[in-house]
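Take a look at the fold shown here. This report covers a sheet and its packing, then a pair of helices.

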Amino acid sequence: MEKSSKLAKAIARTVLDHPFFATLLLRMRIYEDANTKTACTNGREIRYNPQFVDSLHVDQVVFVLAHLVMHVAHFHPLRRGGRNLGKFNKAGDYAINGILKDAGLSMLPGALYKKEFANLAAEQIYERLPGSAREEEHAGTGREDEEGYRDDPGGCGGFEDAGNEYGKPLSRAEREREEAEITIAIQQAAQAAKAQGKLPASLERLVNESVHAILDWREMLRSFIDRTGRNDYSWKQPNRRHIAKGIYLPSFCSNGLKPLVVAVDTSGSIGQSELNQFQAELNDILQSYPSTVSVVYCDSDITGTQIFTPDQYPVELNATGFGGTDLCPPFEWVSKNVPDAGCIIYLTDLRGNSPDIDPGIPTLWVSTIGDRDIPSHYYPKFGQIATLE
């Protein structure tokens, strides 16, 4: 069935103005469903009531589409478990509408939004919402929609549980595959938006959180150093994947790591156990990627430095300082002392000011606290974040 002209205009405007949402939206099937009160998604498709869409302005339809996409990007159709569907929909709305507002979209009148729920997951908000005994009684039974509460409590599009191609609940393997596919789609959407300079900070945070959900910090650290080391193409070592087909292509290879800088936050928030974990993993990785390592200790200022060449391994970290917190001085130190640094790895709890301007050196923040616990005013403006757990 042909989509309404208003919906087509909204999709076109989303593609032009909001590439992150558009990339996720265009992977989904969209179709009319007069039995849906407003609009709804199960993660793979979007159903909408044409009368609902026609009652809105185009900008409002853009918001509805982005709202539905964000339910998927937050894995809401996969995370309900035994919770009441209507109440979890409501919690999901509170979790995403603030992000959409920060991304510059105009919320529908009556859309659910509370500043106090910023940076909280739907599960955390769910626990803070009042719930009637009747709702709790019917939680997970599928009967809680008798008064329309389940459909779309916020009035701008809801979600339902994801199912397989036969409409049955997902098995554990199917759920994990679905989560992996959504995570990849989120990263592709982020790359598309970044390429156009249209990835709001609030969405970049979502991307980091999605990656953290499936990647251990050790994997992120190794992958980060691996990418830094594999820095050029070479015809001397043809890509073996294509040789069997008679095609000779250059392989991606390493000319050796550029100097590596490790900054350690010594404000007192990093304990010896975290230092030991980090040090052990770093030394293990350096066996594969030997490089000169500059270690910079910093609380509110530089408190010490060490330099290790490969023949001086293992790297041994000895924190000094324990004053206030400022994450900027190591970047200033690097620009003066290691201008050819290949990357910076910063071990910290991210509870201090970091540079406003990207120094142009790949940066990995190895944080001792989770993304959701990082105060928004301290959230770094560049680099990747790996959570040390």
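How many bridges join strand β7 to strand β8, and do the strands run parallel or antiparallel? Six bridges join them, and the two strands run parallel. This is a predicted model. One of the pairings links Asp265 to its bridge partner Cys298 in β8.

**The sheet**

Both strands belong to an open sheet of six strands with mixed pairing. The order is β9-β8-β7-β10-β11-β12. β9 and β12 stand at the edges. Each has a single partner strand, so one side of each is left without a neighbour in the sheet. From one strand to the next, the twist averages 20°.

Helix α14 packs on this sheet. The helix touches β7, β8, β9, β10 and β11. Its direction makes about 145° with that of β8.

Here are the residue ranges of the strands.

| Strand | Residues |
|---|---|
| β7 | 260-265 |
| β8 | 293-298 |
| β9 | 302-308 |
| β10 | 343-348 |
| β11 | 363-367 |
| β12 | 384-387 |

**The helix pair**

Two packed helices are described by the angle between their axes and the distance between the axes. For α4 (residues 58-73) and α6 (residues 85-102), the axes come within 10 Å. They cross at roughly 115°. The crossing of α4 past α6 is right-handed.

Which residues of α4 make the contact? They are Phe63, Ala66, His67, Met70 and His71. From α6 come Asn89, Gly92, Asp93, Ile96, Asn97, Ile99 and Leu100. The residues of this contact of α4 with α6 divide into six nonpolar, five polar and one charged.

How values were computed. Residues numbered from 1 in each chain as written. Predicted model: local features only at pLDDT ≥ 70, side-chain atom pairs only at ≥ 80, totals over all residues. Heavy atoms only, no water. Pairing = 2+ DSSP bridges. Helix = DSSP H or I, 4+ residues; strand = E, 2+ residues; numbered from the N terminus. Axes fitted to C-alpha atoms, helices over the stretch in contact; angles between N-to-C directions. Contact = heavy atoms within 4.5 Å. Left-handed = near helix turned anticlockwise from the far one by under 90°. Nonpolar A, V, L, I, M, F, W, Y, C, P; charged D, E, K, R; others polar.
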